[in-house]
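Here are some notes for a colleague who is new to this structure. Please read them with the model open.

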Amino acid sequence: MKLNKRYAQKLRTHSNLLEGALRLMGEEKGLGDLSLREVAGEAGIVPAAFYRHFKNMEELGLSLVDDCGGKIQAIVGDARNKGAYKSALRLTIGFFFDYVSNNRSLFRFIARERTGGNQKIREKIRESMKSIATELAKDMRMPKTIPVDDIQFASELIVSICFQMASDFLDLSPEAHTEMRKLKLQTIKQVRLVFIGTIRGRKRR
């Protein structure tokens with residue numbers, strides 16, 4: 001019983017460190033602007049206890065990327081289970097933007113680190129996006145003449161579009177519902193064009 005309580009406490013502290021780092025970064029700071037001492041203090045622990053969870057701040061950043069990527073892959077699977085194929089695209093994008101809206105600090109971190117900051121974190125983000133694309137490719141019902149590599153490439157392009165649109169989404173006020181709806185529809189349109197381009201491009205070969 002004591003072991004279970006200790007494990008539960010460890011999980012809570014681990015989560016508090018991740019959430020604390022996101023709060024400290026807010027809208028302006030990057031992970032490189034934070035100190036280990038600051039993050040530990042925000043999580044309510046002494047700096048030495050930080051090392052029971054992460055080797056350094058870089059490892060904390062990698063964990064944030066893993067958390068984001070895993071949840072988005074789950075979103076893709078959830079849309080697959082809840083909707084027919086024709087509505088899966090709209091559902092996936094809708095769920096994705098709901099997740100972005102509810103995790104603004106996390107996506108601001110992803111947007112900043114994707115193009116700057118720590119090299120290992122940039123590589124981890126690219127790796128995570130590729131994994132999301134692989135999950136998405138399972139739902140892309142293309143003609144049998146379309147090679148698997150082309151489907152994967154199209155999936156990666158779709159994920160890239162969604163992440164870019166997420167950055168634009170974060171620039172909108174949470175109350176800007178009309179603009180948010182337009183951005184979602186624009187994303188759906190761009191993704192559909194990727195589908196069309198993949199199919200037509202193959203026919204021309």
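Is phenylalanine 96 buried or exposed?

1. The model is predicted. In it, phenylalanine 96 has a relative accessible area of 4%, and since buried means under 20%, this residue is buried.

2. Phenylalanine 96 has a ring partner, phenylalanine 163. The two ring centres are 6.0 Å apart and the planes stand at 45 degrees, so the pair is tilted. An edge-to-face pair would need an angle over 60 degrees, and a stacked one an angle under 30.

3. Tyrosine 99 and phenylalanine 107 make an edge-to-face aromatic pair, with 5.8 Å from centre to centre and 80 degrees between the planes. Both of these residues are buried.

4. The whole structure holds 8 aromatic pairs.

5. A separate point concerns helix H2 (residues 36-43), where Leu36, Val39, Ala40 and Ala43 are buried. These residues lie on the same side of H2, because they cover an arc of only 100 degrees around the axis. After H2 comes glycine 44, with a positive phi near 80 degrees.

How values were computed:
Residues numbered from 1 in each chain as written. Predicted model: local features only at pLDDT ≥ 70, side-chain atom pairs only at ≥ 80, totals over all residues. Heavy atoms only, no water. Buried < 20%, exposed > 50% of the residue type's maximum accessible area, 1.4 Å probe, protein only. Helix = DSSP H or I, 4+ residues; strand = E, 2+ residues; numbered from the N terminus. Arc of directions from axis to C-beta. Phe/Tyr/Trp six-rings, centres within 6.5 Å; stacked < 30°, edge-to-face > 60°.
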